[in-house]
Amino acid sequence: MAGVQVGKRIIGADAPVIVGWENIPKVEGGPIKQFVFTWFQPVMLFAAIAFWYYAPNWLAVASTAIAIRLGWTVLLLALEWVNPRHKSWQLTWKEGVTDAFYVGLGMTFIGMVDAYIGDGVILGAVRDAFDWEKFDWFTGLPLLVQAVLISMIFDFGQYWMHRAMHNWHPLWLTHAPHHYITQLNVQKGAVGNPVELFLIGLGIGGLFDFLPRAFLLAGAIGMTVGAYQHINVRFNVPRWWRFIFNTTEHHSVHHSQDYEATRSNYSGTWIIWDRIFGTCVDGEAEVLGMEGGRRMHIGETMVFPFREGWRDGKAWLAKKLGGASNPPAAGLEPAE
Ligand SMILES: [Zn+2]
């Protein structure tokens, strides 16, 4: 495959990747369908912002966020069913049940970590660690500005953590199982080794009841934009949206079987971080995964970082020791 030059890199030499928004297929169907799948993403974002902005205090709590998340997931699954992006990505029973397993694992894993460390301990530590009065200048800003800044700063951290995972081998071993997914669906964000979940999430779920409104708003922005990273829905994405935010299209490129394509679009919410740091590739890919699309089963996903880490460690040690003893051994070889 020839591939397409993007900056200094060739994208799509190993596996097919569509580069450029003008080459991405549009939503097929009548004007109502066109309208819905053009404006769904912005409308949902503005609805979420309006809700968390105006909801009274008794309603702006963790259990509301969890309930919204649940309803939101069901709605997105329905969209996948109504308007799939790729037929090859449609959920089978096997895929669906596997995804549900990882979602359940993520919820219990976070629950376990919270129980072990203790919500009270975390909350106390956060309260003591910050001199909140120093943030007066920040909390004096309009609420929405605070929320956007919090979301962007958080995503900036995620961007570099994700980029480090693709560039430093020990971190890659924790992230690699997630790259074995061969299709994108609503729950696929949960598929991967729990160590990665811990590194990316670091269990902020328990803070909801205490964190100020700006954090709830930031969380809502992250959820209503980030949810489309893994989804099998065809949208006509408005130009301004795809310029600012990460999209299904961007993230499918990141999951391509093409190696160079995976080294792009690291951010979760704000694709402008990728634009600023030169790692953005606008386009989409259908052929996803690693090793030609080998499906990694649950057992292997759980042990992968440890098994590969152990193997690499042994190989490294053997090379170190072997390197020291080889020259004399080579001297014993018969001269020709
Ligand atoms: Zn990745």
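The model is predicted: local features need pLDDT of at least 70, side-chain atom pairs count only at pLDDT 80 or more, and totals for chains, interfaces and linings use all residues. Residues are numbered from 1 along each chain as its sequence is written. The chain averages a pLDDT of 83, and 85% of the residues score at least 70.

One covers residues 202-210, which have 16 contacts in the model beyond near neighbours in sequence. Two residues are in contact if their C-beta atoms, placed from the backbone, lie within 7 Å. Where pLDDT is low, the predicted coordinates should not be read in detail.

The chain holds 14 helices and 4 strands. Helices (H or I, at least four residues) and strands (E, at least two) are DSSP runs, numbered from the N terminus. Of the contacts with a separation of 6 or more, 76% join residues 24 or more positions apart.

Buried residues make up 31% of the 336 residues. A residue is buried if 20 or more other C-beta atoms lie within 10 Å of its own, exposed if 12 or fewer, and partly exposed in between; C-beta atoms are placed from the backbone. The largest nonpolar core has 44 residues. Such a core is a set of buried Ala, Val, Leu, Ile, Met, Phe, Trp, Tyr and Cys residues joined through C-beta atoms within 7 Å. Val17, Leu217, Ile231 and Val281 have the most contacts inside the core. Strand S3 (18-19) and helices H1 (31-54), H6 (143-167) and H9 (213-226) each supply at least two of its residues. H9 gives the most, with 7 residues. Ile231 touches Leu76, Glu80, Leu184, Asn185, Val186 and Thr248, not counting residues up to four places away in sequence.

Backbone angles were also examined. Asn265 has a positive phi of about 50 degrees although it is not a glycine. Asn265 lies in the loop between helix H12 (259-262) and helix H13 (272-277). Asn265 counts as buried because 27 other C-beta atoms lie within 10 Å. Glu291, also not a glycine, has a positive phi of about 50 degrees. The loop between strand S4 (283-284) and helix H14 (298-331) contains Glu291. With 9 other C-beta atoms within 10 Å, Glu291 is exposed.

Definitions and conventions. pLDDT = per-residue confidence, 0-100.
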